[in-house]
Amino acid sequence: MNEKDDLYMLQSQDAFGKEDYRLTNQTGCTEHSKSQSLCFDQVILGSSQILNIPDLLMDKYQSIWKKKIIIIQSHYKGHLQRKKYKNMKKWAKYRKNVYLELIMTEKDYLTDLKSIIHNVMIAAEQFQLLPENEIQITFSNLNQIYNFNQMFYRDIQQQFSNYHPNQCFGNVLERFIPYFKIYFKYYYEYKDYQITNLRQAYPAFDDHLNKLEQGNLFRGCDLNSFLIKPVQRLPKYALLLKDLVKHTWKTHPDYDKLIKTLQTFNSVTGQIDKQMGSILRNQALFDLQKKFFDVLSENIVESTRNFILTEPIYQLRQGQEELVQLYLCSDLIVLSKKTEVSEQRINERLLEYCYLTEKCYLEDENIDNLLLTVSIQDKDEKFIFLCQDFEQKQRLSQEFFQIILMRQASYFSQTISIQQAQKNQPIRVFVTSISRGQSRMPFKTFAKYNLSVVLDKKEHTTWTRHKILLRIQNALKKQYKKEYLDERDNNILFQDYIEKKLNKQNSDGRKVIVETFIETLLNSCYVKSAPERYLELLGLPLGFYSNNQNVNQSKSTIVDSESSKSSQDS
């Protein structure tokens, strides 16, 4: 029994030790569990090195996995580099095609310009097919553009002659881009209808173009399709340059230069686009002027007027609908009606026009119908439009609303600026003459200074004398005692000029003293704060500083003040 009990105890201890060893490795060893595990290893398992076996295996597996990870990373990096190199080869090929397209299209462009210059422009000069001024307007600076693009083509072709993937074109493009501004003059003077008008006005020129078209000089097109090429060329350059930057990798030696070149080109074309937008709007005004207003001797082309839109719309006139063409400008409505429509031309007849003021407004209409009513209060006019759909009504309502707001804002800003200018405009005083006035005392006269006082372009005539000016000066001394002591050296009002110097001067000197004294007086804050007494002494109306004072009323007040002056004089 003892042997069986010992064996049973050893088996249970073995099972308990193994379980304790397993739990210790999973949950973290405490000092107690470590001692138990060590005792188990030494006594039961009989091996003191068993704990070193997992560490050795882990180190071995870690070194193996590190090598495998390094191999995987190197393969992936190699894959990325091969992919990048493949893209670079693809992009390099694409870049070459962009350069080829630039050179080939530039060559064709120059060929077309040369064809226009030699076969049309020079021929029109030599055979007098067109007047000189018409040639200048029609072809503008086309010859100058041709010479410039010839130099540009020669340089890019020379740069491409020794092409390699790292070839740089940015320096060539950057050198020429500032000079593309010469296109602006051509943009400004180009009109798509110019050739049509010339062919109708000059039969010899029309016959010459017919011969060129029959000879297929324009390749199945007409002269207009060639004259528009300079207008289309700058956007083409912009597209090619953007495409070139897009397919140039950042480590390429030409990348930074191309970015800078694209920014410069965008600034140049942006200026041209901005100016062209204004030109095209004004061009529509020129068209309206020529179409309707020349025969009326009415000029509608002004720098402050912009063309906004034109579209057909129905107008209600005397209860009947009539299809009209609406031309809307920033302060002008023009209505016309088409009388003849054909392939050659469209004839229109002017129905009416009206200038929009700050007193125009949109009448409230039911949003469920298509009526749009524009009323002009000061002219007692009303335009009733029947829109074709709700989209047109909303669009036109917004445009009219913006115009009304702009007109009202412009009116109020002008009013405020005028008032501000009037407020800041100094009062001017002029001594028109010095005469002798008759005193109430017999055989006694005095020096009478006849004055012209100008305020806000309104002239007030009055007069004064030495005694009145002296009263004014004494009144200032009493009313502003502190200022009299502080500003005596700088302000003529407090320097006793009237008392001590006026009668000691000659005629011209007295004029200067009187003008300076009264101007300073009327412009000073001392008088403006309480002007009644001083205006009465000078014979000026009590509403002198009021903007609404009527000149005629002021003159009558001055006449009435003569009696008060006479009583003061006595």
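In which helix is Arg533 found? In this predicted model, Arg533 sits in helix H19, which covers residues 532-538. Its relative accessible area comes to 45%, so Arg533 lands in the partly exposed class. Arg533 also belongs to a positive surface patch, together with Lys444, Lys467 and Arg471.

Turning to the strands, S1 (residues 307-317) and S2 run antiparallel to each other and are paired over 10 bridges. S2 itself (residues 320-329) is largely enclosed by the rest of the structure, because seven of its 10 residues are buried.

Then there are the charge pairs. Side chains of opposite charge can pair when their charged atoms come close. A search of the whole structure turns up 16 salt bridges. One of them joins Glu322 to Arg317, with 3.5 Å between the closest N and O atoms. Glu322 is buried at 18% relative accessibility, whereas Arg317 is partly exposed at 31%. Shared partners also tie Asp112, Arg219 and Lys229 into one salt-bridge network.

Another salt bridge brings Glu348 and Lys291 together at 3.2 Å, N to O. This pair links distant parts of the chain, 57 residues apart: Glu348 lies in strand S4 (residues 346-355) and Lys291 in helix H12 (residues 255-293). Here Glu348 counts as buried, at 18% relative accessibility, while Lys291 is partly exposed at 43%. Arg199 and Asp206 also meet in a salt bridge, at 2.7 Å from N to O, and Asp206 is partly exposed at 22%.

Note on methods. Residues are numbered from 1 along each chain as its sequence is written. This is a predicted model: local features need pLDDT of at least 70, side-chain atom pairs count only at pLDDT 80 or more; totals for chains, interfaces and linings use all residues. Side-chain values use heavy atoms; hydrogens and water are left out. Patches are made of residues with over 30% relative accessible area and no salt bridge: like charges are joined within 9 Å, nonpolar side chains (Val, Leu, Ile, Met, Phe, Trp, Tyr) within 5 Å. Accessible areas come from the Shrake-Rupley method with a 1.4 Å probe; for residues, only the protein chains shown count as cover. A salt bridge is a side-chain nitrogen of Lys or Arg within 4 Å of a carboxyl oxygen of Asp or Glu. Lys and Arg count as positive and Asp and Glu as negative; His and the chain ends are not counted. The place of a charge is taken as NZ of Lys, CZ of Arg, CG of Asp or CD of Glu. Helices (H or I, at least four residues) and strands (E, at least two) are DSSP runs, numbered from the N terminus. Buried means under 20% relative accessible area, exposed over 50%, partly exposed in between (1.4 Å probe, protein chains only). Two strands pair if DSSP finds at least two bridges between them.
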